[in-house]
Amino acid sequence: MVLFNPPYVVTSEEEYTQGLKELNGLKMACGGGPKGILTTQRFLNEVGGMLAPKGSCFLLLIDDNQPEELLRETGGLGFELLSREQFNNEAISIFRLFHKD
């Protein structure tokens, strides 16, 4: 099982890159770049190799990340929405990713 709460806040590419260059913990923990998905995209390229055949990955995303569009690009992984909650002006969703049979 893999649990992943990525930096998902939408920031400029410049802010994202600057946070990495400076090793700025707050910027790195929150800022996800344009659409808030740069770190998530890198993770999704690798997670299939981390999961056991019957394993699952639980991933937290917000609506600004365009999650269903993002997850369709995972290739051999399937996904399902487990929960969606609205908190003030932010909708947070939890998805389960798994190997397709």
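## Aromatic pairs and the nonpolar core

Val 47 touches Cys 57 and Leu 77, leaving aside residues up to four places away in sequence. Contact here means heavy atoms within 4.5 Å. This is a predicted model: local features need pLDDT of at least 70, side-chain atom pairs count only at pLDDT 80 or more, and totals for chains, interfaces and linings use all residues. Residues are numbered from 1 along each chain as its sequence is written, and side-chain values use heavy atoms, with hydrogens and water left out.

The largest nonpolar core has 15 residues. Such a core is a set of buried Ala, Val, Leu, Ile, Met, Phe, Trp, Tyr and Cys residues joined through side-chain atoms within 4.5 Å. Buried means under 20% relative accessible area, exposed over 50%, partly exposed in between (1.4 Å probe, protein chains only). Residues with the most contacts inside this core include Phe 43, Val 47 and Cys 57.

The whole structure holds 2 aromatic pairs. Rings of Phe, Tyr and Trp (its six-membered ring) pair if their centres lie within 6.5 Å; planes under 30 degrees apart count as stacked, over 60 as edge-to-face and the rest as tilted.

| Pair | Centre to centre | Angle between planes | Type |
|---|---|---|---|
| Phe 4 and Phe 43 | 3.9 Å | 25° | stacked |
| Phe 79 and Phe 95 | 6.1 Å | 65° | edge-to-face |

Phe 4 lies in strand S1 (residues 2–4) and Phe 43 in helix H3 (residues 38–50), so their pair ties together parts 39 residues apart in sequence. Helices (H or I, at least four residues) and strands (E, at least two) are DSSP runs, numbered from the N terminus. Both Phe 4 and Phe 43 are buried. Phe 79 is partly exposed, at 27% relative accessible area. Phe 95 is buried, at 2%.
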